[in-house]
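Student: Could we go through this structure together, one question at a time?
Tutor: Of course, let's take a look.

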Amino acid sequence: MRIFESNPQSSRTIQLRAETILNRINELASISEDAVSVTRTFGTDAFRQGSQLVQYWMQDAGLQTRVDAIGNVRGRLVSPDSRAKTFVIASHIDTVVNAGKFDGPLGVIMGIDLVEQLIRSKTPLPFHIELIAFSDEEGVRFHTTYLGSKVVAGSFDTTLLDKKDASGITLREVIQTMGGDVDQLKTDAILPDDWLGYFEIHIEQGPVLYERNVPVAVVTAIAGQKRVEITFAGMAGHAGTVPMDMRQDALCAAAEFILQVERLAANEANLVATVGKLNVMNAASNVIPGKVVCSLDVRSNQEMILASAYQELHQRCADIGQKRAVDVDWNLIQETSPVSCDPTLNQFIEQAIKENGFEVVRLMSGAGHDGVPISLVSPIAMIFVRCYKGISHNPLENTELSDVAATLQVADTFLKRLIEKYTGH
Ligand code: HGY
Ligand code: MN
Ligand code: MN
């Protein structure tokens, strides 16, 4: 049975598809919370505007769409077999602050294109396909990641509903403002028995493909991570009158800790650790900082290394606080274990990479992805796409047209082979 009638693989067609994808990337990137950067964080007006555009593209492709209670935009292509399982193709449309254009949207917009080809070719599907634009992978607003994919995976923690953002608005209020019903969160999950698999296309966000001059890679695993919020509480004081040996300087305590974080991670392979946020409360140049809040992000693809680094940093933080008479409040915000991608799905991806004449590169992901919570209920697979010097979470983030085209070829082949396998051909 011919899977694709019109040949989407012809280079002209592929080129046109890739151009459309890049145009849409730019169109979505033009929707932002501010005029100078790409920022669309969970539940903001810009986020909702972006979601509406993505939902329009999904509808235009011929999908039945809906927005679920957590704000995921979902498009469904049903199989003639009502008992079929569901294969999810997804990524996220929320961004970090001052983001690049590709982290998240590339996977969603390419997913729409891939499914549109299946619709156009009238391929009878042996499984349902659900395309999902997740609403909060980055966790910028509430400092908790994967809110959208946790709802779809059925692991959303409803105690988070009362979590407040920096302006004191709760997650519950944001969901309701977006028109969501928090009582729906449970029913928005895809049931464990209904999952066939999960597939995400995402920029590598690292330098390997750029250095090796290869357009795509298959992802073998996703690193585990722990995110902590740490409050250093010392004693605010007059910068001119308090002798140096009598100070309880919260910022110096934090600074000593931050350098210890860097030193520990720099000396341990398979470990990265970052302090990305630092807030000096009631800051003034002539005031000894009394209270400082910082973030800590620790990651490893090895559970043991992650756990021992976390313990070590926790202890060092307490020791610094004790030495400086600064109280330390250590608040673990979220943690995920390292997850493996599915070997069977990865074999299909590797086969598709070879069939299209590319070198097979296998990469572990240091970045977290929505496949992490999904991996608890479904086999997951990811394709990484080369990006400029591996730069991401930065406006310089970029992927070339030719790499989008190469990824389309590989992803088309991957889906074609998967459909053949489940159609029994
Ligand atoms: O932080 C990450 O790993 C991802 O960008 N959410
Ligand atoms: Mn991402
Ligand atoms: Mn990201």
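**Overall shape and charged pairs**

Tutor: Let's start with the overall size. With 425 residues, a compact globule would have a radius of gyration near 22 Å, and the chain agrees with this because its own value is 23 Å. Keep in mind that this is a predicted model.

Student: How many helices and strands does the chain have?
Tutor: Both kinds of secondary structure are present in the chain. The count comes to eleven helices and 16 strands.

Student: What share of the contacts joins residues at least 24 apart?
Tutor: Here we take contacts between residues at least 6 apart in sequence. Among those, the share that joins residues at least 24 apart is 79%.

Student: How far apart do the centres of the positive and negative side chains lie?
Tutor: The chain has 38 positive side chains and 52 negative ones.

Student: Which residue forms a salt bridge with Arg74?
Tutor: The chain has 22 salt bridges in total. In the one you ask about, the closest N and O atoms are 2.5 Å apart. The partner of Arg74 is Glu130.

Student: How many residues apart are Arg74 and Glu130?
Tutor: Arg74 sits in strand E2, residues 73-77. Glu130 belongs to strand E4, residues 128-134. The pair links distant parts of the chain, and the separation is 56 residues.

Student: Is Glu130 buried or exposed?
Tutor: Buried means under 20% relative accessible area. Glu130 has 5% relative accessibility, so it counts as buried.

Student: And what about Arg76, is it buried or partly exposed?
Tutor: The side chains of Arg76 and Glu130 meet in a salt bridge, at 2.8 Å from N to O. Arg76 is in strand E2 and Glu130 in strand E4, 54 residues apart. Because its relative accessibility is 26%, Arg76 counts as partly exposed.

Student: What is the relative accessible area of Asp297?
Tutor: The side chain of Asp297 meets that of Arg299 in a salt bridge, 2.7 Å from N to O. Arg299 counts as buried because its relative accessibility is 14%. Asp297 is also buried, and its relative accessible area is 15%.

Note on methods
Residues are numbered from 1 along each chain as its sequence is written. Chains are lettered from A and ligands numbered from 1 in the order in which they are written. This is a predicted model: local features need pLDDT of at least 70, side-chain atom pairs count only at pLDDT 80 or more; totals for chains, interfaces and linings use all residues. Side-chain values use heavy atoms; hydrogens and water are left out. Helices (H or I, at least four residues) and strands (E, at least two) are DSSP runs, numbered from the N terminus. The radius of gyration is taken over C-alpha atoms; the globule rule is 2.2 Å times the number of residues to the power 0.38. Contact means heavy atoms within 4.5 Å. Lys and Arg count as positive and Asp and Glu as negative; His and the chain ends are not counted. The place of a charge is taken as NZ of Lys, CZ of Arg, CG of Asp or CD of Glu. A salt bridge is a side-chain nitrogen of Lys or Arg within 4 Å of a carboxyl oxygen of Asp or Glu. Buried means under 20% relative accessible area, exposed over 50%, partly exposed in between (1.4 Å probe, protein chains only).
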